[in-house]
Amino acid sequence: MKQADKPLKLFDTWRRDIVDFESIEKDKVGLYACGPTVYDFAHIGNLRTYLFVDVLRRVLEFNGYQVNHVMNVTDVGHLVSDDDSGEDKMEKGSRLQNKSAWEIALLFEEKFFEDMASLNIHKPKLICRATDHIIEQIEFIQNLETKGFTYSTSDGIYFDTSKLDAHGFDYGQLARLNVDGLQAGSRVDFAEKKHITDFALWKFSGDESRQMEWESPWGKGFPGWHIECSAMAEKYLGELFDIHLGGEDHISVHHSNEIAQSQARHGTRMANYWMHGYFLQIDKEKVAKSGKSIVLSQLVEKGYDPIAYRYLVLTSHYRSRLNFTWGSLDAASNALNRLRKTMSFWPDGGTVNKFYLNQFIERINKDLNMPQALALLWSVLQSDIKDGDKKATLLEFDKIFGFKLDNKISAETTIPADIMDLAELRQQARAKGDWAGSDRLRLEIQKSGFTIEDGKEG
């Protein structure tokens, strides 16, 4: 049921402000999220964006909305450079993997959804692949051509961003781009493009040997990356829908181009709310540029529960950069283990505490403030309400957190021998008055997910 006294507020990149959310259709939300380019494994930086999408969807549903969540899979047309140059990522992946482009698309799409499941991310209601919607993309381009927004070069059909001005639209609005400054200050040769911000709608195959190409009114080739999302979002959500999501790197190019296409065709900015998740960093560098890309399977190989990474991501607001370290993942893992084990001793059948629930709703509805929501979780854990009520309350919270707190953990867990050895060494340290050594051993025990408490009998 929707909480009328605690309205949902979201940060809209278009308006650069936190605003009240109002859906186009009562109690229903059309939501489009830019999906993966399936030429390689998704790294944990990519996955942070999909965790942000998942939290938003959960919050919308918690507020009583029926969410039509659509996500694309880019399996053609995404070039290695945003300036419409370089190789198609799918062709590049094909060469590196020594498999056909079609084979790697299926392989890495499957791996991506395995990662999503491991992180307890809800699967979209509808998944649409670019290669299944070539006809829709060609029709979209034809419409832009009829309206006078395109021109042809030797390598493709391009969108002329300068034509938007005559229709009252500002191409750089989403990213607050100084288009004139970009054009004047450019030191890059943008070939036959008329303006630096123009972008490819359809690329010609030319003499290039390609595995993925189609006939079109302009010649054999393949669609540009940006036209894919505009065409598929329109097909499944309409000319104007509620929310469009993606990573912060999409703001200045991909999403600006999607909006330009929809403004030219329909006169709308495509979505009423544009939201973006910020980067994960390793050693304070963007993952994709750090040379240290980490995939989820590497965390699993090191013994981490993937949900520990979910916990880590939720310790930071989606609009702030998160710096990944193995120490921070250890801390998240320890906190999750402590939470699960504590709850395993609590009885079922309690009642959700309304006081804490109201605070929780207020925090998640204030632009998905998950760090504050997590702080409240621990306040409940340490409160003096009945254990059964604590459990019921935290399970209600977990509809948003997605930590799988309802997984049963045996209260009679067998303690490993090495943990017992550490506990014995700690007891010896305490007997000698070596309090620093005792604390060090206690922390080492906690890293393995066990809590040690000192009572009257030891």
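I take axes as lines fitted to C-alpha atoms, for helices over the stretch in contact, with angles running from 0 to 180 degrees between N-to-C directions. Helices (H or I, at least four residues) and strands (E, at least two) are DSSP runs numbered from the N terminus.

I note that this is a predicted model, in which local features need pLDDT of at least 70, side-chain atom pairs count only at pLDDT 80 or more, and totals for chains, interfaces and linings use all residues. Residues are numbered from 1 along each chain as its sequence is written, and side-chain values use heavy atoms, without hydrogens and water.

**Entry 1: the whole protein.** I find 16 helices and 14 strands. Of the 458 residues, 51% count as buried (under 20% relative accessible area, 1.4 Å probe, protein chains only).

**Entry 2: α1 and α10.** I looked up how α1 meets helix α10 (residues 306–314): their axes come within 10 Å and cross at roughly 75°. That makes α1 roughly perpendicular to α10 (the term covers 65 to 115 degrees). The contact (heavy atoms within 4.5 Å) involves, among others, Ile-44, Arg-48 and Leu-51 of α1 and Tyr-309 and Arg-310 of α10.

**Entry 3: α3.** Helix α3 (residues 101–118) has 18 residues. I list Ala-101, Ile-104, Phe-108 and Phe-112 among its buried residues. Just after α3, I note a positive phi of about 60° at Asn-120.

Terms used
Expected span 1.5 Å × (residues − 1). Buried < 20%, exposed > 50% of the residue type's maximum accessible area, 1.4 Å probe, protein only. Parallel < 35°, antiparallel > 145°, perpendicular 65-115°, else oblique.
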